[in-house]
Amino acid sequence: MDIYEQMAVRIIQSQEKIISNEALNEAKNVQGLQIEWEKKMVAITGDKKKVIEQLIEQYRDHFGQPAVEMCKQAVKDLIIKLPQGQTPQQLQ
């Protein structure tokens with residue numbers, strides 16, 4: 001898995017701790033995100049940065065700003081590994 005796919009897994013897992021199965025249901029609504037959750041794997045097609053932004057927006061729209069803050073915490077060590085300018089907007 002590349003760094004964006006790792007981010008997606010961590011984001012879903014962080015949301016799962018709070019909203020249980022609803023986290024996975026919301027993630028499945030994000031276009032470009034293919035999930036094999038029994039293996040804790042995801043694949044991203046298309047613009048990976050944009051897909052991560054859409055995943056975070058999906059949680060924010062349904063669960064508010066605290067969901068965004070949880071996403072940031074879940075991937076803070078991965079963000080620093082991204083090339084400059086490739087960090088999703090909500091994670092900046």
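Predicted model: local features only at pLDDT ≥ 70, side-chain atom pairs only at ≥ 80, totals over all residues.
Q: In what order do the elements of the protein run from the N terminus on?
A: The protein contains four helices and two strands. Read from the N terminus on, these elements follow the order α-α-β-β-α-α.

Q: What radius of gyration does the protein have, and what does the globule rule give for 92 residues?
A: Along the principal axes, the C-alpha atoms occupy a box of roughly 35 × 25 × 20 Å. The protein, with four helices and two strands, is as compact as a globular protein of its length, because its radius of gyration is close to the value from the globule rule for 92 residues: 12 Å and 12 Å.

Q: Is Ser20 buried, partly exposed or exposed?
A: Ser20 belongs to the loop between α1 (3–19) and α2 (21–27). Its phi is positive, about 55 degrees, although Ser20 is not a glycine. Buried means under 20% relative accessible area and exposed means over 50%. The relative accessibility of Ser20 is 42%, so this residue counts as partly exposed.

Q: Which loop holds Lys40?
A: Lys40 is a residue other than glycine with a positive phi, near 55 degrees. With a relative accessible area of 34%, Lys40 is partly exposed. Its place is the loop between β1 (33–36) and β2 (41–44).

Q: How far apart do the centres of the positive and negative side chains lie?
A: The protein carries 12 positive and 13 negative side chains. The distance between the centres of these two sets is 5 Å.

Conventions
Residues numbered from 1 in each chain as written. Heavy atoms only, no water. Rg over C-alpha atoms; globule rule 2.2 N^0.38 Å. Lys, Arg positive; Asp, Glu negative; His and termini not counted. Charge placed at Lys NZ, Arg CZ, Asp CG, Glu CD. Buried < 20%, exposed > 50% of the residue type's maximum accessible area, 1.4 Å probe, protein only.
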